Amino acid sequence: MDQLTEITLKGLKVSPGICVGKAYLIDNEGVDVVEKYIIPVQDLQHEIQRFKNAIKKTREELRLLIKNTPEALKQHAYIVESHMMLLRDKNLYDKIIETCKKEQINAEWAVKKVTSNLTTIFQNITDPYLNARAVDIGHVSDRIIRNLLGAKPLDITKINKRVILVAHDLSPAETSQIQLEKIMGLVTDRGGKTSHTGIIARTLGIPAVLGLENASKIIKNDDLIIVDGSSGTVIVHPEEETLIRFHERQESFEKYQAGITRESHQKAQTMDGIDLQIMGNIELPEEVVSVLAHGGDGIGLYRTEFQYLSRPFFPNENELFDKYQEVVEVMAPKPVTIRTLDINGDKAVAFGNDSNETNPVLGLRAIRYCLKKQDVFKIQLRAILRAAAFGNVRILFPMISNYDEIIDAKRLLDEAADSLDKEGAIFTRDIEIGMMIEVPSAVVMADIMANEVDFFSIGTNDLIQYSLAIDRGNKDVAYLYNPLNPAILRMLKHVTNVARDKGIKIFMCGEMASDPINIPILLGLGMDELSMSPQSMPAVKSMVRALNIEDSKLFLKEALTKATALEVAQLLEETYGNLVSDKTYK
Ligand code: PEP
Ligand code: MG
């Protein structure tokens, strides 16, 4: 037999871990080849009925998917629910019918045309969540087209051997059907780190490498492959030596993972005895379980806007209260930091947005929107104050760029409390108030702003975007997007100094906090709390335990003398490289 040549493919390291096994190729590309043809006027009605039938079938499929979602992944069923909402969306449903009629074209083509227009709109939005909606639209479109073509739906639950899934793309709906005893790993051509498919793979703890571009063309069914989700590598037809090397890597990764997960419930205490609070970032109440399971000390960022997206109307006070209360009660007595609405700009909702902004990221976003739409804001403030009676709640105002905004936000919070008081409602007025530091003007004004709040929470995702003038979702300038940029480090230094001088607490909830390599800097800065996705907690905690504050301070001092992000990164690598490569298996 011919010796097959070993091939190494590089993609995005989306979910860590290593697995070795046979490839199972999923062919879901057929829907990409759709033909356009003209429908005679007299047949248009029939064509539209064909489209409606396909929608009905798609809805039934999705309903079944939700019903059959394994218990461990129930918290992700909302993704499929949001796909069902899309089927009803006017921008999609009505527009497809209208396009069919107006242009007298077949339904498949109309679906393709309308959804690719919508996808382009979402792809141009910088927010990673809304960016991911473009992917959702693509998946829904594929499903409708598959039903129009009469093709069989993909059913990965039918796989009856232990394999590694290889696909051009895998929708979250499909990924959420994965049974752990069958599927060892995931490899796809499309998809990014923040895609829902990636998030699910991390929740399941299976190695995944996405964004490989052409893996599904290179890998054939039953090929032996190695997936290294920690380095973003896939090896096809591995040689004996490679297999041995990866087997060892797999063993040490599993040992390491078991170790840090076991220790995740212990405190994040530095070698010189300083405790750091490690908190969870959540978008939905269901994620609280994962925060607790990973040993989180509380919720550092509850992104409440997700309850406003994917729905036709604003939620009412009781709906909001129910969700907040659930989180607060489960976490009590640990703190829950509820961030008020951060919609619009790049997280636009389909409703309640009457302006047409050319530059939405610099527009009526977050606190600016809430101060303008005070009725919407007050409903949320009342719900937060009511939930506060059930545990330990802090409120966090996003995107403060002017002193007046924090004053106005606090006044409205007071008014909300007064109205609850008058009604004799159960609530707590006495909660800690914080503001996000994510706009450069807030950094510059931090000393004055600090007089008004109990804590600052640094949102590096936006702070980098606004300070370095880099659209956070634009891949062409992504090479400049780096938390280690000296300008960012100096801003962080300034804000932490101010917080210490003013005696207020200083937290970080941007992505910078979730990468173990950044921890020496964050410790040197004297952060009180770091907030991150639950899956990042064990590695960050383990890193904290390997460091001490005094060394970190000295390290920071030296890092602050550097001129470029690269120099800072090199210094980190020289000083802490061993520690980090051990910790993350990069
Ligand atoms: C940030 O900007 O760093 C942040 C945490 O907020 P979001 O990612 O929700 O904009
Ligand atoms: Mg932000």
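**Entry 1: ligand 1.** I began with Asp462, where a side-chain N or O atom sits 3.0 Å from an oxygen atom of ligand 1. I then checked the cover: ligand 1 has 290 Å² of accessible area on its own, and the protein covers 99% of that. A note to myself: this is a predicted model.

Entry 2: I looked up Glu438 next and found one of its polar side-chain atoms 3.0 Å from an oxygen atom of ligand 1. For Arg339, I noted 2.8 Å between a side-chain N or O atom and an oxygen atom of ligand 1.

**Entry 3: the shell.** How many residues surround ligand 1? I read off 15, and the closest are Arg303, Arg339, Gly459, Asn461 and Arg472. Strand E11 (299-303) and helix H17 each supply at least two residues of this shell. H17 gives the most, with three residues.

**Entry 4: the magnesium ion.** Which residues coordinate ligand 2, the magnesium ion? I found Glu438 (OE) and Asp462 (OD), at 2.1 to 2.2 Å. Glu438 lies in the loop between strand E14 (432-437) and helix H15 (440-444), while Asp462 is in helix H17 (residues 460-468), so the pair ties together parts that are 24 residues apart in sequence.

Are these two buried or exposed? Glu438 is buried, at 2% relative accessibility. Asp462 is buried too, with a relative accessible area of 3%.

**Entry 5: out to the surface.** I turned to a nonpolar surface patch of about 390 Å², made by Tyr403, Ile407, Val444, Met445 and Ile448. I picked Val444, which is found in helix H15. Val444 counts as exposed because its relative accessibility is 59%, and the cut-off for exposed is over 50%.

Methods:
Residues numbered from 1 in each chain as written. Chains lettered and ligands numbered in written order. Predicted model: local features only at pLDDT ≥ 70, side-chain atom pairs only at ≥ 80, totals over all residues. Heavy atoms only, no water. Donors = N, O, S within 2.8 Å, 3.2 Å for Na, K, Ca; no water. Helix = DSSP H or I, 4+ residues; strand = E, 2+ residues; numbered from the N terminus. Buried < 20%, exposed > 50% of the residue type's maximum accessible area, 1.4 Å probe, protein only. Patch = residues over 30% accessible without salt bridge, like charges linked within 9 Å, V, L, I, M, F, W, Y side chains within 5 Å. Areas by Shrake-Rupley, 256 points an atom, 1.4 Å probe, with all protein chains shown as cover. Salt bridge = Lys/Arg side-chain N within 4 Å of Asp/Glu carboxyl O. Near = heavy atom within 4 Å. Polar contact = N/O pair within 3.5 Å; in protein donor to acceptor, adjacent residues only side chain to side chain.
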